[in-house]
Amino acid sequence: MSDAVLTAENWPIGANMLSFGNTADGRPLQDAPSTVWASQLRQVKQLGVDQIDPTDAWLPLAKLSDERLEEFRRVLDGEGLTLSSISMTRSSIVDREHGDDHLRDAHRFIDIAPSFGVTVVNTGFMQPLTPEQQKAIWFWLEDGHHDDPALRPLAIERVRELGDHAARQGIQLSLEMYEDTYVGTADEAVAFLADVDHDAVGLNPDLGNLVRLHRDVEPWETMFEKVLPHSNFWHIKNYTRDYDPATGAYFSSPVPLKYGYVNYRKVIRQALDVGYTGPFCCEHYGSDSLGVIAENVHYIRQVLSSALAEGTK
């Protein structure tokens, strides 16, 4: 990570760009005029947020030509924005059909990250939504991809390969926790990371992916206690969660960070206590996602300001 002293004001906290989708006028966003990119970036800036995570589910930088990548850099500079991090979304490096392509993209992300001042590239093992998930009101209400245990050794091998590359570039690789993948629970994530055994690889404790599920999950306090010491990046979002033991019914819904099931004021302080220095990437689904993300960015900065002033870190 950077040697600069982290403060509440300069801590990397980016807005995820998923809410804009990945097409414009019926064509992939990567093929759209840069004026489209600028218009979307400007909306982020107008909300008082000055960093983004350009997930490949929005604009896949790894697939841009060198010329278009420089065009993106100029647009980013022109709108007064920088990158907090780079995330890969539903691009598993062990996908049976596209895993080799995703691995190449991951290497390209690692190559270009330092030129944008990015210290971490996020990847994971989640795969594209199923038709049933695409039809659901919330995709997590339907069962999705389950990782094949037989491919776990290949996953470890490829993560190590990416970790070696990241180390040479002076950055980190982070593995996003997601249900039914090799890092689908706190215990599985810690065990997988131990098997990878690489100093440049850590966890993305995106436990929002788990607390929204309509199934039994470990208490969030216990999960965070297990994974925060190994975390180097954080997709951060919150949900309501309820369970009726009389009927077996669950309920969950996306909400801003300070209103949900997880107490993030407590958890962020806990993270600082165990030495967390990674970027945050704020996510939200539904409603005015970008507006909620902006609220969450400001909320995190307030929590950091309070915690750092007390010497929590």
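Here are legends for a handful of close-up views of this predicted model.

**View 1. The stretch annotated as a domain, residues 41–301.** An unreviewed UniProt entry labels residues 41–301 "domain: Xylose isomerase-like TIM barrel". In the model, that stretch is 39% helix and 15% strand. Its end C-alpha atoms sit 21 Å apart.

View 2. Helix α3 takes in residues 99–112.

**View 3. Helix α6 against helix α8.** Here α6 (residues 186–196) packs with α8 (residues 220–227), their axes 9 Å apart. The angle between the two is about 5 degrees, and under 35 degrees counts as roughly parallel, so α6 and α8 get that label. On the α6 side, the contact is made by Ala186, Asp187 and Val190; α8 brings Met223, Lys226 and Val227. Sorted by class, that contact has four nonpolar and two charged residues, with no polar ones.

**View 4. Gln40 in helix α1.** Gln40 belongs to α1, which covers residues 34–46. Is Gln40 buried or exposed? Its relative accessibility is 9%, and because the cut-off for buried is under 20%, Gln40 counts as buried. Setting aside neighbours within four places in sequence, Gln40 is in contact with Met17, Phe20, Leu29 and Trp58.

**View 5. Positive phi at Asp25.** Most residues other than glycine have a negative phi. Asp25 is not a glycine, yet its phi is positive, about 55 degrees. Look for Asp25 in the loop between β2 (23–24) and β3 (27–28). With a relative accessibility of 76%, Asp25 counts as exposed.

**View 6. Positive phi at Ser287.** What is the phi of Ser287? It is positive, about 50 degrees, although Ser287 is not a glycine. Ser287 lies in a loop too, the one between β13 (280–282) and α10 (289–309). Its relative accessible area is 68%, so Ser287 is exposed.

Definitions and conventions. Residues numbered from 1 in each chain as written. Predicted model: local features only at pLDDT ≥ 70, side-chain atom pairs only at ≥ 80, totals over all residues. Heavy atoms only, no water. Helix = DSSP H or I, 4+ residues; strand = E, 2+ residues; numbered from the N terminus. Expected span 1.5 Å × (residues − 1). Axes fitted to C-alpha atoms, helices over the stretch in contact; angles between N-to-C directions. Parallel < 35°, antiparallel > 145°, perpendicular 65-115°, else oblique. Contact = heavy atoms within 4.5 Å. Nonpolar A, V, L, I, M, F, W, Y, C, P; charged D, E, K, R; others polar. UniProt positions renumbered as here; feature names shortened; annotations may be inferred. Buried < 20%, exposed > 50% of the residue type's maximum accessible area, 1.4 Å probe, protein only.
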